[in-house]
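Subject: Structure for you to look at

Hello,

Here is the structure I promised to hand over.

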Amino acid sequence: MKKYILGNWKMYKSQNDIQLFCQTFNDLLNNDKILVSLNTAIGIAPTYIGLSTFQKYNNTKTLLMAQNANAEINGAYTGEVSYTLLKDIQVNAVLLGHSEVRSHLHETDACVNKKVLNLLKADITVVLCIGETLEQFEKNQTQNILTQQLKDDLASLDLSNIKNLIIAYEPIWAIGTGKTATIGIVEKTLGEIKQILQDMFSNQSNTIPLLYGGSVNEKNAKDILHAKNVDGVLVGGASLDPHKFYNIIQSTPEYVKAQQWKK
């Protein structure tokens, strides 16, 4: 299956910062002969005001992603950006259900579900974020929480659109805290998510990539990407630095193998 290395910039980077990032990132990726032959999808999600700037200066095949979207086509929704407007500027994918959006903007699963269905129908790739709090984790409620989130967020999903769905497991207790789930936890939890999706969608769920996010950096990415059930990573702070993000891209099993073969 294709590997996914996705970066979420959250509320960082000025327009000048984005230009400088792209200049370095363009050189790193375009001079990498190994990466060209690998089945790896790379994506960056800047803030809304950074989307056009990133698109302007990005000279790689890096996917342009948004951090959120409104489920409506248009209307009186001051402060919101519709998925149709995002698609109009060639946004390839959108993060939905991120824990910070659920928490700060009080986004419900019903709201996430509406967005998921509309965006998938519009042929936009959805990266659906799910995860549990530290309290829920310590009470061994992880599987129940993730099961409920997936059932609510993916309710009434048209299976013909499942090809554009990606699931990112981001334990809330590991986001921006410096804490990272152990490889054992990552493998176990993604295995449980795989089984939940299997129960919901049968064999059609086998095409859904499963990503891990939560304090992923250039030091732990290799172990995470080599773990069982992991199809990629959703990176936060480490994606702000083009060199660190590039090191994470080089950590995929396919890249490491190709690099060793080249030597």
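Predicted model: local features only at pLDDT ≥ 70, side-chain atom pairs only at ≥ 80, totals over all residues.

Let me start at one loop. His106 sits between H5 and H6, in the loop that links them. The phi angle of His106 is near 55°, which is positive although the residue is not glycine. Most residues other than glycine have a negative phi. Is His106 buried or exposed? His106 has a relative accessibility of 64%, so it counts as exposed, the cut-off being over 50%.

Glu107 belongs to the loop between helix H5 (99-104) and H6 as well. Its relative accessibility is 12%, so Glu107 counts as buried. Which residues does Glu107 touch, leaving aside its neighbours within four places in sequence? They are Asn68, Gly97, Val101, Arg102, Val112 and Lys115.

Asn229 lies in the loop between helix H10 (221-225) and S8. Is this residue buried or exposed? Asn229 has a relative accessible area of 17%, so it is buried, the limit being under 20%.

Now the overall fold. The chain's secondary structure comes to twelve helices and eight strands. How do the eight strands close up? They form a barrel in the order S1-S2-S3-S4-S5-S6-S7-S8, with parallel pairing. On average, neighbouring strands of this sheet are turned by 25° against each other, direction ignored.

Strand S3 (residues 63-66) and strand S4 (residues 93-96) run parallel and are joined by two bridges. Ala66 has Val94 of S4 opposite it.

Next, the helices that lie across the strands. Helix H6 (residues 109-121) lies across S4, strand S5 (125-130) and strand S6 (165-169). H6 runs at about 160° to S5. Helix H11 (residues 242-249) lies across strand S1 (3-8), strand S2 (40-45) and strand S8 (232-235). The angle of H11 to S1 is about 160°.

H6 also meets another helix. Two packed helices are described by the angle between their axes and the distance between the axes. The axes of H6 and helix H8 (residues 142-153) come within 8 Å and cross at roughly 50°. That angle makes H6 oblique to H8. By class, this contact of H6 with H8 has two nonpolar, two polar and three charged residues. From H6 come Asp109, Val112, Asn113 and Val116; from H8 come Gln149, Asp152 and Asp153.

Finally, the whole chain. The chain has a radius of gyration of 18 Å, and a compact globule with 263 residues would be near 18 Å, so the two agree. Along the principal axes, the C-alpha atoms fill a box of roughly 45 × 45 × 35 Å. Of the 263 residues, 51% are buried. Which contacts make up 71% of those with a separation of 6 or more? They are the contacts between residues 24 or more positions apart.

Best wishes

How values were computed. Residues numbered from 1 in each chain as written. Heavy atoms only, no water. Pairing = 2+ DSSP bridges. Helix = DSSP H or I, 4+ residues; strand = E, 2+ residues; numbered from the N terminus. Axes fitted to C-alpha atoms, helices over the stretch in contact; angles between N-to-C directions. Contact = heavy atoms within 4.5 Å. Buried < 20%, exposed > 50% of the residue type's maximum accessible area, 1.4 Å probe, protein only. Parallel < 35°, antiparallel > 145°, perpendicular 65-115°, else oblique. Nonpolar A, V, L, I, M, F, W, Y, C, P; charged D, E, K, R; others polar. Rg over C-alpha atoms; globule rule 2.2 N^0.38 Å.
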